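Notebook open, model loaded. I want to see how the pieces of this chain are held together.

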Amino acid sequence: MDDDERWMRVALEEADLAASKGEVPVGCAIVAATGELLAVGHNLRETYEDPTAHAEIVAMRLAATKLGTWRLESTTLYVTLEPCVMCAGAMVNARVGRLVYGCVDPKAGAATTLFTIGTDVRLNHRFPVMGGVLADECADRLRRFFSALRAQGKK
């Protein structure tokens, strides 16, 4: 668990970077089985005007480039918020080795909450999923961000 918390803290730093840009504060870190940090990413949907620029997608693209392959089999992906359907599906397609997330997403969670994409036996790739790592810290960033938006009269 110590390593999981360590890497989730890296993802939380990315979430803070996202918030500083006015992006929803979600951060991601991808780590090799050797313990090497391969890539980090944070939400950039507003910045890039790209609906696919979620933290996980940004980080997976960078990790694939660094490794020289789209197959991320020996990696662990750490993300502060439970992945959505798009991101969980991309993890299956990228053959991610393991997923660790912070807080659940009751409206869009596709790892354990609404769907179980990473462990669905009907799919050609599955990976272990662990949720709840530093969940309170992860959820707190999201609460503060959306509270500030509401105070400004934005959704």
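For what follows I call it a contact when heavy atoms come within 4.5 Å. The model is a predicted one, so I keep in mind that every value here is computed from it.

Entry 1: I started with Met91 and looked up what it touches. Leaving out residues up to four places away in sequence, Met91 contacts Glu56, Met60, Leu77, Pro83, Val96, Leu99, His125 and Phe127. Three of those names came back when I checked the largest nonpolar core, which has 44 residues: Met8, Ile30, Met60, Leu77, Met91 and Leu99 touch the most other members. At least two core residues each come from helix 1 (2-20), strand 1, strand 2, helix 3, strand 3, helix 4 (85-94), strand 4 (98-103) and helix 5 (135-151). Helix 3 gives the largest share, six residues.

Entry 2: In what order do the five strands lie? I read 2-1-3-4-5, in an open sheet with mixed pairing. Strand 2 (37-42) and strand 5 (129-130) are the edges, each pairing on one side only. Helix 3 (residues 55-67) packs on this sheet and touches strand 1, strand 2 and strand 3. I get about 150 degrees between the direction of helix 3 and that of strand 2. Next I went to strand 1 (residues 27-32) and strand 3 (residues 75-81), which run antiparallel and are joined by five bridges. For Val31, the bridge partner in strand 3 is Thr76.

**Entry 3: helix 1.** I checked its length. Which residues of helix 1 are buried? I list Asp4, Trp7, Met8, Val10, Ala11, Leu12, Glu14, Ala15 and Ala18. The spacing made me recall that an α-helix has 3.6 residues a turn, so residues three or four places apart point the same way. The cover over the buried residues of helix 1 includes strand 1, strand 2, strand 3, strand 4, strand 5 and helix 5. Just after helix 1, I noted Gly22 with a positive phi of about 80 degrees.

**Entry 4: salt bridges.** How many are there? I count six salt bridges, and I looked at a few. Asp4 and Arg98 meet through their side chains at 2.8 Å, N to O. Asp4 is in helix 1 and Arg98 in strand 4, so this pair ties together parts 94 residues apart in sequence. Is Asp4 buried or exposed? Its relative accessible area is 7%, so I log Asp4 as buried, while Arg98 at 23% counts as partly exposed.

Asp16 pairs with Arg141, with the closest N and O atoms 2.6 Å apart. This pair also links distant parts of the chain, Asp16 being in helix 1 and Arg141 in helix 5, 125 residues apart. Here Asp16 is partly exposed at 36% relative accessible area, and Arg141 is buried at 18%, the cut-off for buried being under 20%.

I also looked at Arg122 with Asp120, whose closest N and O atoms are 2.6 Å apart. Arg122 is exposed at 73% relative accessibility, whereas Asp120 is buried at 16%.

Terms used. Residues numbered from 1 in each chain as written. Predicted model: local features only at pLDDT ≥ 70, side-chain atom pairs only at ≥ 80, totals over all residues. Heavy atoms only, no water. Pairing = 2+ DSSP bridges. Helix = DSSP H or I, 4+ residues; strand = E, 2+ residues; numbered from the N terminus. Axes fitted to C-alpha atoms, helices over the stretch in contact; angles between N-to-C directions. Core = buried A, V, L, I, M, F, W, Y, C linked by side-chain atoms within 4.5 Å. Buried < 20%, exposed > 50% of the residue type's maximum accessible area, 1.4 Å probe, protein only. Salt bridge = Lys/Arg side-chain N within 4 Å of Asp/Glu carboxyl O.
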